[in-house]
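Keep the structure open beside you as you read.

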Amino acid sequence: MHQPRRLGRWVGPLVTVLAVALVATGIWWFTSTLPDNGGTANPPATAPSSAAASVTPSGVSTEGPTASATASPSDVPASSAPSTAPATNPATGRVDTLGGLVPDYVLPPIVDGLAPVLTKVPTEQKVVFLTIDDGAVKRDSDLALLEANGIKASLFLANNFVAGDPRFYKKYTAAGHLIENHTMSHNLGFINLSYEDQKAEICGMADFEEQQYGRRPVFFRPPGGPYTLATRQAVAACGLKAIVDWETKANAGNMDYQVGAGLRPGDIVLMHFRPEFPQDLAAFMAAQKAAGLKVVLLEDYLATK
């Protein structure tokens, strides 16, 4: 009869001890799950990581780090970065020298089988065109001078000057200069040749330049400059667009003007690949800067391929 009473005396303290133990255990568990910096609890081990899935071209899913709040330069989409690629002129299919300039003159078409003739471009825009003839003197330093001054030129080459080393002028085409037609033989009596002989000289050089440089010339310059109706007809028959002459030339380190005493807008300037090339180029650039003109490719201004 007394034993139940004795057990009853221990029930209360025992319950109290158990309750205290449970509370202490809970406090210990809670504090042990807190991070050292006092932030929120660590995520459970089964929570997804911060890696983001991506898909390779083969379709295999891979994981990589997600983008951070501050993107590095390599994280910037390509479309948002400024483009450094030069613009291509849709009319010519190549990078041109116009720099946004809109030409105000259109090359006349071939009429009645006769190619038009240009001695200058009739424009009021502040442009000038450099053309360089023959190809007899071949020096990398001449190309370097043009490139150092940002000048592109039209090169009227004759076969007898370049046939021994036609690949040399590929350096010029690679740099953005264009090659045009100056006959096969550079015969200074060219206008005295028959129509068929003139045509053979012009077409033969056009074929040669297309084969060597990957572009068929569009302009022709007769040796010495003179031309006849037969010349104009032969130029058209060979698929070229115009005869290009000049009224100004850089020669022997000086400028020679057929009209006026300085460069004018639209002037076509003649030079040659000669030993005095650096002096001639310096004379041209001095005149060009004095006149406030921009040097652009004739082919770009006339939108010819």
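## Aromatic pairs

The structure holds eight aromatic pairs. Rings of Phe, Tyr and Trp (its six-membered ring) count as a pair if their centres lie within 6.5 Å; planes under 30 degrees apart are called stacked, over 60 edge-to-face, and the rest tilted. One of the pairs is Tyr169 with Tyr172, a tilted arrangement with 5.3 Å centre to centre and 35 degrees between the planes. Tyr169 is buried at 0% relative accessibility, and Tyr172 is buried too, at 1%. Here, buried means under 20% relative accessible area, exposed means over 50%, and partly exposed is in between (1.4 Å probe, protein chains only).

Phe190 and Phe220 make a tilted pair as well, because their ring centres are 5.7 Å apart and their planes meet at 45 degrees. Phe190 lies in the loop between strand E8 (178–181) and helix H5, while Phe220 is in strand E9 (residues 219–220), so this pair ties together parts that are 30 residues apart in sequence. Both Phe190 and Phe220 are buried. Elsewhere, Phe168, Tyr169, Tyr172, Phe273 and Phe277 form one aromatic cluster.

A ring can also meet a charge. The charged end of Arg221 sits over the ring of Phe156, 4.4 Å from its centre. For this label, NZ of Lys or CZ of Arg must be within 6 Å of the ring centre and within 35 degrees of the ring normal.

## About the model

Please bear in mind that this is a predicted model: local features need pLDDT of at least 70 and side-chain atom pairs count only at pLDDT 80 or more, while totals for chains, interfaces and linings use all residues. Residues are numbered from 1 along each chain as its sequence is written, and side-chain values use heavy atoms, with hydrogens and water left out.

The protein chain has eight helices and 14 strands. Helices (H or I, at least four residues) and strands (E, at least two) are DSSP runs, numbered from the N terminus. Of the 305 residues of the protein chain, 37% count as buried. Among the contacts in the protein chain with a separation of 6 or more, 69% come from residues 24 or more positions apart; a contact means heavy atoms within 4.5 Å.

## Helix H2

Which residues of helix H2 (residues 140–148) are buried? They are Asp142, Leu143 and Leu146. Seen down the axis of H2, these buried residues fall within an arc of 100 degrees, so they line one face of the helix. The arc is that of the directions from the helix axis to the C-beta atoms. As a reminder, an α-helix has 3.6 residues a turn, so residues three or four places apart point the same way.

The buried residues of H2 pack against strand E6 (127–134), helix H4 (170–174) and helix H7 (277–291). Just after H2, Gly150 takes a positive phi of about 65 degrees.

## The disulfide

A search of the whole structure finds one disulfide, defined as a pair of cysteine sulfur atoms within 2.5 Å. The bond joins Cys203 to Cys238, with 1.8 Å from S to S. The link of Cys203 and Cys238 is left-handed, with -100 degrees about the S-S bond.

Cys203 lies in helix H5 (residues 195–213) and Cys238 in the loop between helix H6 (229–237) and strand E10 (242–244), so the pair ties together parts that are 35 residues apart in sequence. Cys203 is buried, with a relative accessible area of 16%, and Cys238 is buried at 4%.

## Salt bridges

Side chains of opposite charge can pair when their charged atoms come close. The structure holds nine salt bridges, each with a side-chain nitrogen of Lys or Arg within 4 Å of a carboxyl oxygen of Asp or Glu. Among them is the bridge of Asp142 and Arg139 (3.0 Å, N to O). Asp142 is buried at 0% relative accessible area, whereas Arg139 is partly exposed at 27%.

Glu247 forms a salt bridge with Arg264, the closest N and O atoms being 2.6 Å apart. This pair links distant parts of the chain, 17 residues apart: Glu247 is in the loop between E10 and strand E11 (248–251), and Arg264 in the loop between strand E12 (254–257) and strand E13 (268–272). Asp207 and Arg216 also meet in a salt bridge (2.8 Å, N to O), and Asp207, Glu210 and Arg216 are linked in a network of salt bridges.
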